[in-house]
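Please open the structure in a viewer and keep the sequence panel at hand.

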Amino acid sequence: NSVSSIGFAAFAGCRDLTSITIPEGVITLSESTFAGCIALQNVDIPESVTSIEQEAFYLCSSLSSIRIPSNVTIIGVAAFAGCSSLIDVSIPNSNAVLGGGVFADCTSLVNVALPSNISILQYATFNNCSSLTSILIPESVNLIGGSAFRNCSGITSITIPDSVSSIRDSAFQDCTGLTNITIGNSVSSIGGSAFRNCSGITSITIPD
């Protein structure tokens with residue numbers, strides 16, 4: 001219980017590790033802490049943790065659920081990328097910042113609750129989350145990054161809130177299940193291939 005710091009890649013590549021309890025007092029899960037722990041199923045992250053760094057749980061392919069504490073303010077680049085068994089994610093801290101590709105290739109991800117104050121969906125945030133069926137983009141978002149939802153083939157409809165001003169390249173490319181799109185009143189630019197190969201689209205609402 002006296003452990004307060006877990007360093008870079010401390011348990012990376014521990015392929016047979018199935019569970020771990022992190023003691024209260026740990027503030028940061030460092031870069032690649034559990035990267036490649038392919039058997040890891042259960043992680044208890046204490047409320048003391050405020051930062052989950054880059055690739056902390058990268059390729060933890062057996063991790064099916066994770067409780068992110070309310071004190072977490074930073075979830076780094078690709079922190080949960082490749083967690084192909086992850087089904088549900090809730091980020092309770094409304095001020096949390098998400099890095100690029102944070103949930104990329106989480107192919108089993110069905111439910112996501114995003115922070116209510118998030119302003120940017122970074123590059124490839126949900127790239128290739130093919131089981132994601134719906135997503136509520138908060139009214140605080142002003143930019144949807146490149147490939148943010150690329151190949152999210154399970155999403156059937158999307159509403160871009162009025163707060164969004166820019167949709168970057170390939171943001172929704174290959175979302176083949178997408179049928180309905182409503183684009184908010186403040187969108188001033190839609191990047192190249194933003195909706196490319198969205199072959200199921202039947203309805204688009206574009207503001208004046």
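Begin by selecting Gln-54, which sits in the loop between β4 (51–52) and β5 (65–67); strands here are DSSP runs of E with at least two residues, helices are runs of H or I with at least four, and both are numbered from the N terminus. The model is a predicted one, in which local features need pLDDT of at least 70 and side-chain atom pairs count only at pLDDT 80 or more, while totals for chains, interfaces and linings use all residues. Residues are numbered from 1 along each chain as its sequence is written, and side-chain values use heavy atoms, with hydrogens and water left out.

Gln-54 counts as partly exposed because its relative accessibility is 32%; buried means under 20% relative accessible area, exposed means over 50%, and partly exposed lies in between (1.4 Å probe, protein chains only). Display its surroundings next: leaving aside residues up to four places away in sequence, Gln-54 touches Glu-31, Ser-32, Gly-76 and Val-77, where contact means heavy atoms within 4.5 Å. A C-alpha to C-alpha distance from Gln-54 to Ala-104 gives 13 Å, for a separation of 50 residues in sequence.

Remain in the loop between β4 and β5 and select Leu-59. Leu-59 has 39% relative accessibility and therefore counts as partly exposed. Its contacts, again without residues up to four places away in sequence, are Gly-36, Cys-37, Ile-38, Ala-81 and Gly-82. From Leu-59 to Ile-144, 85 residues along the chain, the C-alpha atoms are separated by 24 Å.

Which residues touch the most other members of the largest nonpolar core? Select Ile-52, Phe-57, Phe-80, Phe-126, Ile-144 and Phe-149, which hold that position among its 61 residues. Such a core is a set of buried Ala, Val, Leu, Ile, Met, Phe, Trp, Tyr and Cys residues joined through side-chain atoms within 4.5 Å. Centre on Phe-126: beyond residues up to four places away in sequence, its contacts include Phe-103, Leu-109, Val-112, Leu-114 and Leu-132. Phe-149, Arg-150 and Cys-152 are also among the residues that Phe-126 touches.

Two backbone positions come next. Most residues other than glycine have a negative phi. Asp-105, in the loop between β8 (97–98) and β9 (111–113), has a positive phi of about 65° although it is not a glycine. Ser-147, in the loop between β11 (143–144) and β12, likewise is not a glycine and has a positive phi of about 60°. Are these residues buried or exposed, or in between? Asp-105 counts as partly exposed because its relative accessibility is 35%, whereas Ser-147, at 7%, counts as buried.

Now select the open sheet of three strands, in the order β12-β14-β16 with parallel pairing; two strands pair if DSSP finds at least two bridges between them. Its edge strands are β12 (157–159) and β16 (203–205), each pairing on one side only. Three bridges join β12 to the parallel strand β14 (residues 180–182), and Thr-159 stands opposite Thr-182 in β14.

Finally, show the whole protein chain, which has 16 strands and zero helices. Its radius of gyration, taken over C-alpha atoms, is 17 Å, close to the 17 Å that the globule rule gives for 208 residues, so the chain is as compact as a globular protein of that length; the rule is 2.2 Å times the number of residues to the power 0.38. Along the principal axes, the C-alpha atoms fill a box of roughly 60 × 30 × 20 Å. Buried residues make up 46% of the 208 residues.
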